[in-house]
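Here are my notes from going through this one, jotted down as numbered points. Have the structure open while you read.

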Amino acid sequence: MTTKGARPLFQVVAEPAALAVSALRTERARSVLAVAGIVIGIVTVVLVASVLANVRNQIAQLFRDLGTENVFAFHLTGDPYSQPSAAEVEREPLDLRFVPALKRLGTTIADVGAQVIVPSTVGGQALVARAGSNESDTVLVEGVSPTLLDIVGAEFSRGRPFTDLEDRQAARVAIVSRALFGSESPLGRTLTLAGDTYTVVGELQQRRGGFFGENRQDNVLNLPAGTVRQRFGEPERVVIYMRAEPGRRAAAFGEAEAILRVLRGLGPAAPNDFTLSTADQIIATFDGLSARIGLVTVGLAGVGL
């Protein structure tokens, strides 16, 4: 259908199409590069978006596994295994004696536990765990209070948690993952660490969340916090976990801050020399980071297109 002075529709479409085909034939290298650029740009955006979405879900699961009603306290900002910033390097670590004080004083805090990070090298030598013919120099050694594994929702595949008596007496007992013993039952067996022998009383199930499919907690050798304190000295990195009463996490957060300020001897105008966080806050921080990465990736792909 045409009107006076107008070209048929097929001519309007056919002429640009013919020019495009002609250009593809005469400029093959340029055409291939153009198509490749478009494909690479689209694939890059899709892959990065997929990876970020998967990592985000794993990270979210990882921290939700640690308890959505929990408040975490640490004297530094960020990962307990990372190096402190120049502004925080002089901060004093949290004290294990804060655990009973927080439980006693916090009216909205249901339970309190502590995690002690043991350095990977002690006395200039790397910590090596040995169990039978198995050996690991990448195992992470942590001290845990008797209630901590319950607070973070750790599930046992075999055995039990530590008792208060074992913690007070600095007993040589351990809770392991499958890193050292594989599929065999480790209960009642012994392992050596830094010249000491420990008897295994429990084995933890593999954690669901992780980072790129890995969860650091699956490679942890847990000892009683009292044992770690006696064997390796006063801890330099203590993370305190506080489980709030159901539905009262915000109030527990405020109470924890006030109590820790008193325990740390901070004046009314002094800033906090510790960090409080929750699973939601950590996930939100990662969401902000992944959003920025996504924007940069889309921008680079846009330039390519």
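1. Y241 comes out as buried, because its relative accessibility is 8% and the cut-off for buried is under 20%. Bear in mind that this is a predicted model, so treat the numbers below as computed from it.

2. How many aromatic pairs are there by the ring-centre rule? The count is one. The pair is F72 with Y241, in an edge-to-face arrangement, with 5.2 Å centre to centre and 70 degrees between the planes. F72 sits in strand β1 (residues 70-74) and Y241 in strand β13 (residues 238-244), so the pair ties together parts that are 169 residues apart in sequence.

3. Is F72 buried or exposed? At 6% relative accessibility, F72 counts as buried.

4. F72 also turns up in the contacts of T275, a residue of strand β14 (residues 275-278). Leaving out residues up to four places away in sequence, T275 touches F72, A73, F74, L76, T77 and R91. T275 itself has 23% relative accessibility and therefore counts as partly exposed.

5. Two of those neighbours are worth a look for polar contacts. The T275 side chain reaches the backbone oxygen of L76 at 3.1 Å, and it makes a polar contact with the side chain of T77 at 3.2 Å.

6. One more ring to check is F232. The charged end of R231 sits over the F232 ring, 5.1 Å from its centre.

Note on methods: Residues numbered from 1 in each chain as written. Predicted model: local features only at pLDDT ≥ 70, side-chain atom pairs only at ≥ 80, totals over all residues. Heavy atoms only, no water. Helix = DSSP H or I, 4+ residues; strand = E, 2+ residues; numbered from the N terminus. Buried < 20%, exposed > 50% of the residue type's maximum accessible area, 1.4 Å probe, protein only. Contact = heavy atoms within 4.5 Å. Polar contact = N/O pair within 3.5 Å; in protein donor to acceptor, adjacent residues only side chain to side chain. Phe/Tyr/Trp six-rings, centres within 6.5 Å; stacked < 30°, edge-to-face > 60°. Lys NZ or Arg CZ within 6 Å of the ring centre and 35° of its normal.
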